[in-house]
Amino acid sequence: MVQATSLPRNEAGIAAAIEALSGQFGDRLQTGQAICEQHGHTTTWITNQAPDAVVFPASTEEVAEIVKVCAEHGVPVIPFGTGTSLEGHVNAPAGGICVDMMRMDKILAVHAEDLDVVVQPGVTREQLNTYLRDQGLFFPIDPGANASLGGMAATRASGTNAVRYGTMKDNVLALEAVMADGGVIRTAQRAKKSSAGYDLTRLLVGSEGTLGLITELTLKLQGIPEAIRSARCSFRSVDDACRAVMMTIQYGIPVARIELLDALSVRAANAYSGLDLPETPLLLLEFHGSDAGVVEQSDMFASIAGEFGGFDIAATSTPEERSKLWQARHDMYWACLQLRPGAKGISTDVCVPISKLAECVAAAREKAENMGLLAPMVGHVGDGNFHALLLIDMDSDAERQKADEYIGWLNEMAIGMDGTCTGEHGIGQGKRPYLQQELGEATRYMAAIKAALDPENIMNPGKIVEM
């Protein structure tokens, strides 16, 4: 099990900061043990390191005041959204103040003619898409969880639609952020492109709160497609499914989503979601476009899949049938837990070049079986990203050790294939030991950027790089 390292605490500074902030925020600052622990590790298996207080700002100005107080007293600041991150991003290894952004949940402006929207960081992706629906627009990044958009930007999230619409780094036009000294910056304007200076937008996207706290986002939007068509196809092996994916991409078929479920995941989906799919590797796909276009795209895919032994191919444009299929995909975490009642699910991800995906998934499956681990796997195979969900008895030291060993092995294998130890979960605490292995000397320059922008190391310390 990953043991989160504790950092030195500034007890006097923490006490002084809490006293100062209590006078300003009243009951919007909480120090109870339960609420502090709820804002610790959340969905990860990393040891919970709770903050000393949680404060709930309602504006950029209030966030800036919090950071200024913490900077004055040398106290860590840890941003918090919905708490769905997986690698210990919201732990407080040196204690400090957690800044819960969920009251900053206003949609500030929709510029439909420009296909962009300005939001506060506590707006969730589902909230935004519900708001946009009657305007014929949507925000395409879908990591599965109903995450906050500020958190999605901070962790550079992606998800099922990334193969067509990209990740958060491709869909954030500009940010407003509070930096380590309490100063407020805007990283860009609403223009779709710019050559003006350093790209601070993409520096902050994926920085996991270690450089600044995001307080406003300008996001790209897409028009809701005229037609949406979903398809599914079973295969005899993961290798056949992955080869069909590579051919589909090479042919230029503009798939919006293309997801792989291994046989174990299909078994879980059948039981949990009431499906009746062959319990072999499965591809789920979605096509966006015109009525004729999506039918043509799904037919082209079916032809390709047939060349690789695909069977039980079905496609539908009926909203109810599409929703049932994709809801089963989004429910995979809960479905897989039913494979071993009482177990905790430990989710990890890696990403490799698509040409290496079949080899990587097959090796991951074989390794899990050899180690006696139950580990269903799903993947965003259009971009080479897949997830293993280890079902672990957390009361067993031996199983926790096996899981830790397996995750380390998987990270190293992906890096060895010219891939990455994380395609979308981020580094946080859990993946930090592998960042040096993946990027080498580049991490020294990351640390230099961190030191320049946050010389006192108060912004989410203990994450990504060491200082």
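## Aromatic pairs, cores and an antiparallel sheet

Tyr165 is buried, with a relative accessible area of 11%, where buried means under 20% relative accessible area, exposed over 50%, and partly exposed in between (1.4 Å probe, protein chains only). The model is predicted, so local features need pLDDT of at least 70 and side-chain atom pairs count only at pLDDT 80 or more, while totals for chains, interfaces and linings use all residues. Residues are numbered from 1 along each chain as its sequence is written, and side-chain values use heavy atoms, with hydrogens and water left out.

The structure holds three aromatic pairs; rings of Phe, Tyr and Trp (its six-membered ring) pair if their centres lie within 6.5 Å, and planes under 30 degrees apart count as stacked, over 60 as edge-to-face and the rest as tilted. Two of these pairs are set out here.

| Pair | Centre distance | Plane angle | Class |
|---|---|---|---|
| Phe138 and Tyr165 | 5.8 Å | 90° | edge-to-face |
| Tyr406 and Trp409 | 5.8 Å | 40° | tilted |

Tyr406 and Trp409, by contrast, both lie in helix α15 (residues 397-416), three residues apart, about one turn of the helix. Tyr406 is buried at a relative accessible area of 0%, whereas Trp409 counts as partly exposed at 23%.

Tyr406 also belongs to the largest nonpolar core, which has 49 residues, and is listed with Phe235, Leu283, Leu285, Phe287, Phe386 and Leu390 as touching the most other members. Such a core is a set of buried Ala, Val, Leu, Ile, Met, Phe, Trp, Tyr and Cys residues joined through side-chain atoms within 4.5 Å. Apart from this core lies another, of 27 residues, among them Leu132, Ala147, Leu175 and Leu217. Leaving aside residues up to four places away in sequence, the contacts of Phe287 include Ala227, Ile253, Val255, Val294 and Phe301, contact meaning heavy atoms within 4.5 Å.

Two arginines sit over aromatic rings: Arg236 lies over the face of Phe311, at 4.0 Å from the ring centre, and the charged end of Arg257 is placed over the ring of Trp326, 4.4 Å from its centre. The criterion is that NZ of Lys or CZ of Arg is within 6 Å of the ring centre and within 35 degrees of the ring normal.

Five strands form an open sheet with antiparallel pairing, in the order β5-β6-β10-β8-β9, two strands being paired if DSSP finds at least two bridges between them. β5 (107-111) and β9 (184-186) stand at the edges, each with a single partner strand, so one side of each is left without a neighbour in the sheet. Four bridges join β5 to β6 (residues 116-119), and Val110 has Val117 as its bridge partner in β6. β6 is in turn joined to β10 by four bridges, with Val118 opposite Thr218, while seven bridges join β8 to β10, where Leu175 stands opposite Leu217. Because eight of its nine residues are buried, β10 is largely enclosed by the rest of the structure.

Conventions. Helix = DSSP H or I, 4+ residues; strand = E, 2+ residues; numbered from the N terminus.
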